[in-house]
Amino acid sequence: MNKISTEERTRVVSCLVEGNSLRATTRMTGVHRTTVMKLLADLGKACSEYQDITFRNLTCKRVQCDEIWSFVGCKQKNVRKGDKRQGRGDVWTWTAIDAETKLVPAWYVGNRDAGAAYHFMHDLAGRLAHRVQLTTDAHKPYLSAVEDAFGTEIDYAQLVKIYGNTINQGPEARYSPAQCMGARKAHVIGKPAYAHVSTSICERNNLTMRMSMRRFTRLTNAFSKKVENLEHAVALHFMHYNFCRVHQSLRVTPAMEAGIADHVWTLEEVITLLD
């Protein structure tokens, strides 16, 4: 990577965390695209390692989990048989969020299968200090993954949403979610408080991810070409979200609300993680 100053790095990172693509960042900052990509990879890795170490023994009480779709290289239907390039096609990012502090302590980029659910839930369980109430959607791999990771030491419920038929609603339905006709709360493990069985906060966090990372836009040519680049972008996003971005309802950052940080981080401080 070409040697660029801290000021130039700050401008690049500022563009990336505000939802700009690599080429848009290059046009706005004048920094070469390969330099931007190298900075994203190095800083994303540093942010992932820092948060992996920091997010331990968390005193969360209510956690919500969900998965958000994106793709690498091309959409799954366009992946050719015999394509040896790894990670191409649909990719899902699993996220967990503390409903009270809005902290995102765990995420995982991978498939939407039982193996990914197993890895994600064990990672989340290793970060919590005590028993929590957990809410997910009705995705079946959660059932065995949560039981394997937490056993009976959790209060777990699923929010099962009932969707309507979108077959004859016109072409615009292709880019809009199906109409939700209702939802029911299903008890799974322990004694979850039914008043707090919800995935609304996690789903709102999905919107924040789509607005803050160009790679997650539904109709875009700024998609990731390698799954590693997507992982680095997600790690950088959550570093900015957890430590730098003041939450509108909390008036502090999620890390401050959770007692992990004592001030609002600047992007310069994030960049020092490279050292």
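Where is the place of lysine 102? Lysine 102 sits in the loop between S2 and strand S3 (106-110). Here strands (E, at least two residues) and helices (H or I, at least four) are DSSP runs, numbered from the N terminus.

## Basis of the model

This is a predicted model: local features need pLDDT of at least 70, side-chain atom pairs count only at pLDDT 80 or more, and totals for chains, interfaces and linings use all residues. Residues are numbered from 1 along each chain as its sequence is written, and side-chain values use heavy atoms, with hydrogens and water left out.

Lysine 102 has a phi near 65°. That is a positive value in a residue other than glycine. Lysine 102 is buried, with a relative accessible area of 15%. Buried means under 20% relative accessible area, exposed over 50%, and partly exposed in between (1.4 Å probe, protein chains only).

Leucine 250 belongs to another loop, between helix H7 (227-244) and H8. Its C-alpha is 8.6 Å from that of lysine 102, although the two are 148 residues apart in sequence. Leucine 250 is in contact with Glu100, Thr101, Lys102 and Glu257, leaving aside its neighbours within four places in sequence. Contact means heavy atoms within 4.5 Å. Leucine 250 counts as buried, at 18% relative accessibility.

Arginine 251 is also found in the loop between H7 and H8. Its phi is near 70°, a positive value in a residue other than glycine. Arginine 251 is exposed, with a relative accessible area of 67%.

## Helices H1 and H3

Helix H1 covers residues 6-17 and helix H3 covers residues 33-54. Their axes come within 11 Å and cross at roughly 80°. That makes H1 roughly perpendicular to H3. Axes are lines fitted to C-alpha atoms, for helices over the stretch in contact, and angles run from 0 to 180 degrees between N-to-C directions. Angles under 35 degrees count as roughly parallel, over 145 as roughly antiparallel, 65 to 115 as roughly perpendicular and the rest as oblique.

Which residues meet? H1 brings Arg9, Val12, Val13 and Leu16, and H3 brings Val36, Leu39, Leu40 and Leu43. The residues of this contact divide into 7 nonpolar, no polar and 1 charged. Ala, Val, Leu, Ile, Met, Phe, Trp, Tyr, Cys and Pro count as nonpolar, Asp, Glu, Lys and Arg as charged, and the others, Gly among them, as polar.

Leucine 40 lies in helix H3. At 6% relative accessibility, leucine 40 counts as buried. Leaving aside neighbours within four places in sequence, leucine 40 is in contact with Leu16, Leu22, Arg215, His232, Ala233 and Leu236. Alanine 233 is 193 residues away from leucine 40 in sequence, yet 6.9 Å away in space, C-alpha to C-alpha.

Histidine 237 lies in helix H7. At 5% relative accessibility, histidine 237 counts as buried. Its contacts are Thr208, Met209, Ser212 and Met213, again leaving aside neighbours within four places in sequence.

## Aromatic pairs

A pair of aromatic rings is described by the distance of the centres and the angle of the planes. Rings of Phe, Tyr and Trp (its six-membered ring) pair if their centres lie within 6.5 Å; planes under 30 degrees apart count as stacked, over 60 as edge-to-face and the rest as tilted. The count by this rule is 9 aromatic pairs.

Tyrosine 50 and tryptophan 265 form a tilted pair, 5.4 Å centre to centre, with 55° between the planes. The pair links distant parts of the chain, 215 residues apart. Tyrosine 50 is in helix H3, while tryptophan 265 is in the loop between helix H8 (254-257) and helix H9 (267-271). Tyrosine 50 is partly exposed, at 26% relative accessible area, whereas tryptophan 265 counts as buried, at 12%.

Tryptophan 94 and phenylalanine 120 also form a tilted pair, 5.9 Å centre to centre, with 45° between the planes. Tryptophan 94 lies in strand S2 (residues 89-98) and phenylalanine 120 in helix H4 (residues 114-125), so this pair ties together parts 26 residues apart in sequence. Both residues are buried. Elsewhere, Tyr50, Phe55, Phe243 and Trp265 form one aromatic cluster.

## Charges over rings

Arginine 112 lies over the face of tryptophan 92, at 4.6 Å from the ring centre. Lysine 225 lies over the face of phenylalanine 223, at 4.3 Å from the ring centre. A charge sits over a ring if NZ of Lys or CZ of Arg is within 6 Å of the ring centre and within 35 degrees of the ring normal.
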